[in-house]
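Let us read a protein model together, one feature at a time. Start by looking at the picture.

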Amino acid sequence: ALQAALNCGKPLDFGSGTYKHTGLALTATGPVYWAGRGARLNYVGTAGNIGVGIQTAPATTIESSHIEGITFAGGVPQLYIWPGTRDQVDANVGRINHAVVRRCRFLSTSHTGYNANFTLAFCADALVEECFSELATDNGIYVPYSENVRITNNVVRNCGGIGIAAGYHSIFANFGGRNVTISGNIVFNDESADTALNYISGIDVVFCQTYVIKNNVVANLMPRDSRSVNNCIRTAYVTEEYTLYDGDISGNIAYRPLNRFVTVGEIGNAEIRRLTICGNKFYDCLLSGIEIHQGSEAIEIAYNSIHTTGQHGIFINNACMADVKIHHNAFTHPTIQDQYNHYSAIYFGGLTGTVEHNTIDTGHIFIKVLSTASDPGIWLSGAGGSQTIRLRTGVTGTGTTVDQASLAGMTFGSLAEWIRLHANWDASIYSQAAVGTYNPATTYKVHETVRYGAGVGKVYRNLQGSTGKTPVPLYNATTTYALGDKVYWAQEIFT
């Protein structure tokens, strides 16, 4: 009867009640309209098989598909809509011009096999809203190879794999992975989650141009211990793999994921361009909060509240080539040291970036800049090293150490002051070969830069004007000074 209705292209209005079936493999030849009034399509066939599948003939485009108010249960998956043949991605795949799936429920009872509860593919205009998906063996809601996608106000519970996944571009069909918005959704797991499943992430966008992940909540409500590690959502928000352009991750909440709040570009072939992570609230993860592994252009991380991380609050990998701006974030209790490692509120290992106006209650900023003739800067040595902070210069072309201090006993304030006095967040002056050796017979301007001291010589910027003034060294709490000695501290000279 369902296939006959599809053949006629007429709307089908289900009455209330439960409709049992042993699998529905249907082919759409025209518009699809199914409405339910409390209807439940309940698969009762062999466990692990497809519940309801809707396909088209190869290379066929249908104008619209609208499914609303129906519960799909018992199958694996519950419902998939895939023009052409399921999983087909070549040039002969079909299309759906417009699709709406609204107020449907996708309920899995079998954990045999690995399939998304609900899949909608190759759609040019897709809306999935106010649906509920639970206990999938893989993704809860999966909208691949589609464009102009809105996934809004859905609830996904205890789904293995990924709660909500979208993006993906077929290079064969030259379609999909453009203009994706995922907003207002709740993805969570709780104590009824299946320990046999692998909970990868809450929301995942892959291979996409122009995507918005906004105002969602991802929460892990399982105890994080050795008995339930597979139940825990590992990462709340993931954008990685292949090309991802023009992304906005903002206004989201992540609560107690097993690993991270946000992971960007962890897959080796990722190319991330123009991404903003702004105004999110993140609570309690066991690894780093926000991790940027790769990036090629313009990444901004700003106005986020990051509470309690097991490792770095924000981690920028050495492989990140983008200009990264990290500003106006608030950190509460980032881990700064465990038994084997030193961690930071902000670890910056990228090529270029700006770190400013962040608030950190405990922790520190770790800036690692590889020293070359054109790239001097601040370098910190962590666990297994000398545990020092060093000012590196490329004047000689070999990356020598101009000055260094032990990290032992340093507070965040004293570390920040050391960085400010030595580099003022701009190490470019230390690569200028014109910085000459101090000469008592020379008249200097106030704050003119000179080199002074044994060996390579420290660089001083705090010279008093006039002739014959000896550069004033930085104050060192472990040094015994003679009466009348001058020291430089907090931008002032003290005697």
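**A guided reading**

The largest cavity has a volume of about 60 Å³.

Q: What counts as a cavity, and how is its volume defined?
A: On a 1 Å grid over the protein atoms alone, a cavity is a set of points where a 1.4 Å probe fits but cannot get out. Grid points are joined across faces, edges and corners, and the volume is the space filled by probe spheres set on the points. Here the count comes to 1 cavity of 30 Å³ or more.

Q: What kind of model is this?
A: This is a predicted model: local features need pLDDT of at least 70, side-chain atom pairs count only at pLDDT 80 or more, and totals for chains, interfaces and linings use all residues. Residues are numbered from 1 along each chain as its sequence is written, and side-chain values use heavy atoms, with hydrogens and water left out.

Q: Which residues line the largest cavity?
A: A lining residue has an atom within 4 Å of a cavity point. There are 13 of them, and Cys 159, Gly 163, Val 187, Phe 188 and Ile 233 lie nearest the centre. Strands β15 (155-157), β16 (161-167), β18 (186-189) and β19 (199-214) each give two or more residues to this lining.

Q: How do the lining residues divide into nonpolar, polar and charged?
A: Ala, Val, Leu, Ile, Met, Phe, Trp, Tyr, Cys and Pro count as nonpolar; Asp, Glu, Lys and Arg count as charged; the others, Gly among them, count as polar. The lining has 7 nonpolar, 5 polar and 1 charged.

Q: How many helices and strands are there?
A: Both are DSSP runs, numbered from the N terminus: helices are H or I with at least four residues, strands are E with at least two. This protein has 2 helices and 44 strands.

Q: What share of the residues is buried?
A: Buried means under 20% relative accessible area, exposed over 50%, and partly exposed in between (1.4 Å probe, protein chains only). Of the 495 residues, 52% count as buried.

Q: How many salt bridges does the structure hold?
A: A salt bridge is a side-chain nitrogen of Lys or Arg within 4 Å of a carboxyl oxygen of Asp or Glu. The structure holds 15. In one of them, the side chains of Glu 68 and Arg 102 meet at 3.3 Å, N to O. Glu 68 sits in strand β6 (residues 61-73) and Arg 102 in strand β8 (residues 95-102), 34 residues apart.

Q: Are Glu 68 and Arg 102 buried or exposed?
A: Both are buried.

Q: Which residue forms a salt bridge with Arg 260?
A: The partner is Glu 291, and the closest N and O atoms are 2.8 Å apart. Arg 260 lies in strand β23 (residues 260-264) and Glu 291 in strand β26 (residues 290-292). Arg 260 counts as buried because its relative accessibility is 13%. Glu 291 is buried too, at 5%.

Q: Where is a cis peptide bond found?
A: Look for an omega of about 0 degrees, at the bond that joins Val 76 and Pro 77. Pro 77 lies in the loop between β6 and β7 (79-82).

Note on methods
On a 1 Å grid over the protein atoms alone, a cavity is a set of points where a 1.4 Å probe fits but cannot get out, and a pocket is an open set with protein on both sides within 12 Å along at least five of seven lines; lining residues have an atom within 4 Å of a point.
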